[in-house]
Structure formats: C-alpha cells, structure tokens
Amino acid sequence: FGSRHFVQFLHSIPPFSCALMANRRALLRLSLLSSLCCSAIGGTGALGSCTGGDDSILLQMARVRTHMRTGESQTRFLDLVVERHCEDLGWLRNLSLDLRPSTRVLIYDKHGTDCKALTRSDVPQDWDVVLTELPNVARDGHDQLYHIALHYDDLAPWTAFVQAGLHWTLKPLAHAKGWQSQAEALNDLVPKLSTATTGFWPLVMYSERGPMLWQDAEDDTDPDPPPELNFFHFSNGGSDLYSKARELYSSLFGGTPCEASGQKFPPGMQYLVKRENLVRRPLQFWQLMKDDILKCDPTLGYTFERVTVAIYNSTTPALLQSVANSTICRRDLNTSMFTTPLKPFETANFWREHWGCEPLSKRLLDLRAAGKI
C-alpha cells in the first residue's frame, strides 16, 4: 500500500509497540527500523524520540527487555529448562536471535561443592533468565519435576528440558542423524513446533522414521532390534532397570509389572513437551513424583528416566499414589542375586516373590523349555 497509508498505519501503533518492532530483530536492524518509525511519526531519528514526547527509543527498548526478563511477555512461546551441574553454558549464545523474544530460560543450578554457583553475569544478558539453585540430588528428573510443580499455572506453550552439557544421544550414531550442540538442535526444532502434530518431541538423534529411542534389554540373550523398529538396546546388568521400569510403570498406571512391557525412552531426559501434555496430569501427580524422587534417590532418578515417554506422551490416567514404598525403593531387601552380567532366572525368583506373577518373558521361558539357555 502507499506511503500515506503506511504513515497512517504507523500512527496507529502505540509507542511501546513501535519500540517492540525495533527490538524484535537483531541490533543490526535497529537503526533502520527505528528511523522508519520515528520519521513516520515525527521523531528525531534512530537515537532520538520515537514518541513525540520525552522518552527515547533506547529507553523504550530497555523497558521491552525488562518486561521480557520478568517472564511476563505475552509472546512467550518456549520455556528452556536447563539442568546444570558445573557445565559451561556458552552454547546459549549460539541460540537463534529469532528465539530470544519468545523464550524464557530457567536454569536449575546443582553446583553442589564441585563448582561455584552461576550468577547473572555468567549467562547472556539479552535473555530472559531465571536462576535457581537446587541441591545436587535425584538426577535430571528432579529438576523437571520441581519445575513443573512450581510453574504448573505458568507453563509456556512448549517446554524444552535439556542438560547443560552436550549429551551423546544428540549426536549422530550408526544410521541415525543428529546435531553437534544443544543450540543447533533447538535452532532446528523449535521453529517447527508451531505446526507440530505431536505434543512430545524427544531431543535425540533421529532417522527417517523419527527420533531414536532406547530400551533396556531383558538380558544378554535379548536380540538387538532391527533398524526398522527405530530403537536401540542398552545392556542390562545388576541394576536390572528393565524390570524396575516395568514396576514403576505399573505403580503409576496400574496393572501388574508382569503385564508391563519394556519401556522405550530418550536417554538423557531431553525433550520438547507441549503444555497440554503437562497439564493433562494434575498438579498432585507432579508433586507426588517430586517428593518420591527425593525419598527414593538415586534409584527412582534412573527409573524415572525409563518411563518419561509414558509420563509425558500418554493419555493413560495415573493412579495418583506414592511409589516411594514400592519394591524398587526399598532398602531392606536382599538383592545380592543381582549381578553383572544379569542372571535372569535367578533374579526372577526375587521378582516373583514381590510381584506375585511371572516376570520372565515368553521368549526366555521358551528358550529355557527348549534347553537353549
């Protein structure tokens, strides 16, 4: 449309919005945009008044930034939750400029006695950043549960849960593609979220079939999955996380552990989760899990990782009960039969006693019946 209509359009923009237009893009564009605004509404140039009054555009931009740093921006699209234990956060500076106006960064700093606590000067000054110190307990799951319980009524449309250091599952492996940094992955994936058809996007390497997940093998005879199934196996050992994950799943969602299948999950507990997926579960669920992961530390921290897909990407209702007294959390039981390599027919006696059902798969039972194991 013509220049006269363009001037009328700029006159209709409130002064704050004009400054916001000048602030949303990189500083390299500031002079051009602000000059355009100011000249159209009678200002004095790029660094002069953009309101026709006493406020300069620089002061208005400062207000925009202050507004964004409080987490009150109505344009907030992403909460970037960073789980830190002494890692360098220089990669934050490599995040796209286009993400910054709509992103709040929440860093949960579990420095313990291993390093100094983060300060505001340690992170990019042009980001909306919230620093929170937490005790170094219960792995990354504790940070996530703490965040969700605390911000349940203030969640962004999407939340990215990431480790402060680069997790190896982000990088390419075998037939899977990946990224070389958290910033590279987020710059690639976050712009796609507005049209995503899923509410849960694991931050792991990927194939043409989608994100690559992992699953604990039942034992050393469990064959590796073929590529078309799009997941890898972890070897099982004395921790028997294959069985512990089945028990936790049944404790959270019902049924017996014997009915629960092995759990596929993204190692490192890194993912993008839509707000609807989080509030699908009531606040009580997240509070219970937050309390339980501390009571059952460290076992529940490792086991929680195994059921993150079931928790974050399932509509199955949870039972809303504590799991802190389940078998996997008890410290008074004889677990001497759990060795590496795992001897599943010996550990099966332990699980039968506490579960009251047959813990071994049909595959293992058939191998035993055929005398092959």
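**A chat about Leu-92 and the cores**

Guide: Let's start with Leu-92, which counts as buried because its relative accessibility is 2%, under the 20% cut-off. Keep in mind that this is a predicted model.

Visitor: Okay, where is the place of Leu-92 in the chain?

Guide: Leu-92 lies in the loop between β1 (78–84) and β2 (103–109).

Visitor: And which residues does Leu-92 touch, not counting those up to four places away in sequence?

Guide: Leaving those out, Leu-92 is in contact with Leu-80, Arg-100, Ile-107, Val-123, Pro-124 and Trp-127. Gln-182 is 90 residues away along the chain, yet its C-alpha atom is 8.4 Å from that of Leu-92.

Visitor: New topic! How many helices and strands are in the chain?

Guide: The chain has 13 helices and eleven strands. Of its 373 residues, 50% are buried.

Visitor: Which residues touch the most other members in the largest nonpolar core?

Guide: That core has 43 residues, and Leu-252, Trp-286, Phe-304, Ile-311 and Tyr-312 touch the most other members. Elements that each supply at least two residues of this core include β2, α7 (241–253) and α12 (344–355).

Visitor: Say a bit about Ile-311: what does it touch?

Guide: Not counting residues up to four places away in sequence, Ile-311 touches Leu-252, Phe-253, Arg-281, Phe-285, Trp-286 and Phe-304.

Visitor: And what does the second, separate core include?

Guide: This second core has 29 residues, among them Trp-158, Trp-179, Val-190 and Leu-203.

Visitor: Last one: what does the accessible surface of the chain come to?

Guide: It comes to about 17,600 Å², and 53% of that belongs to carbon and sulfur atoms.

Conventions:
Residues numbered from 1 in each chain as written. Predicted model: local features only at pLDDT ≥ 70, side-chain atom pairs only at ≥ 80, totals over all residues. Heavy atoms only, no water. Helix = DSSP H or I, 4+ residues; strand = E, 2+ residues; numbered from the N terminus. Buried < 20%, exposed > 50% of the residue type's maximum accessible area, 1.4 Å probe, protein only. Contact = heavy atoms within 4.5 Å. Core = buried A, V, L, I, M, F, W, Y, C linked by side-chain atoms within 4.5 Å. Areas by Shrake-Rupley, 256 points an atom, 1.4 Å probe, with all protein chains shown as cover.
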